[in-house]
Amino acid sequence: MPAPALRPALDPLAHRAAIQALESQRAAYARYARSMDAHHEALGAGDGDRATAAADAAAHGYEALAEGARRLGPVLAGVTGAGSEAEAAEVQRQVEAMVRAAREAEASIHNLTAQLEAWRDAYARQLADLGLTP
């Protein structure tokens, strides 16, 4: 019978920091998704200023999410393979929740992007109808 795998003890502060970092990143993805959904809904009015604001919010929000994900890497590296099975399971649950939130944010940005592309195409048609090359 093989010996059970030994896991080194996990510093409780490192574990808590990892959980908090994952929760924070999950919340950031959720806020981004809500923001993109709100911009998507606001674009229905046909306001060019709102389209510009939506694109700006999407770009800045993406940069913030990317930075958060970069900071998350070293925190998770410090807890991977350490601690009890329960601690590892808790970290895994948090990772899965964060991934779900990231997928929701991805869907929201796809919806917003599709609407912005539709606007771009409509403006190009308007210019073409006027004899201008977009």
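The largest nonpolar core in this predicted model has 22 residues, and L22, Y29, Y32, L43, L76, V91 and L112 touch the most other members. By nonpolar core I mean a set of buried Ala, Val, Leu, Ile, Met, Phe, Trp, Tyr and Cys residues joined through side-chain atoms within 4.5 Å. Buried is under 20% relative accessible area, exposed over 50%, partly exposed in between, with a 1.4 Å probe and protein chains only. Two or more residues come from each of α1, α2 and α3. The largest share, eight residues, is from α1.

On conventions: the model is predicted, local features need pLDDT of at least 70, side-chain atom pairs count only at pLDDT 80 or more, and totals for chains, interfaces and linings use all residues. Residues are numbered from 1 along each chain as its sequence is written, and side-chain values use heavy atoms, with hydrogens and water left out.

Next, α3. Helices are DSSP runs of H or I, at least four residues, numbered from the N terminus. Helix α3 covers residues 85–129, 45 residues in total, and spans 65 Å from first C-alpha to last, close to the expected 66 Å; that expectation is 1.5 Å times one less than the number of residues. Its buried residues, including V91, M98, L112 and W119, pack against α1 (12–42) and α2 (48–77).

Contact here means heavy atoms within 4.5 Å. Leaving aside neighbours within four places in sequence, L112 contacts M36, H39, H40, L43, A54 and A58. Q115, also in α3, counts as buried because its relative accessibility is 18%. With residues up to four places away not counted, Q115 touches H40, L43 and G44.

Just after α3, G131 has a positive phi of about 85°.
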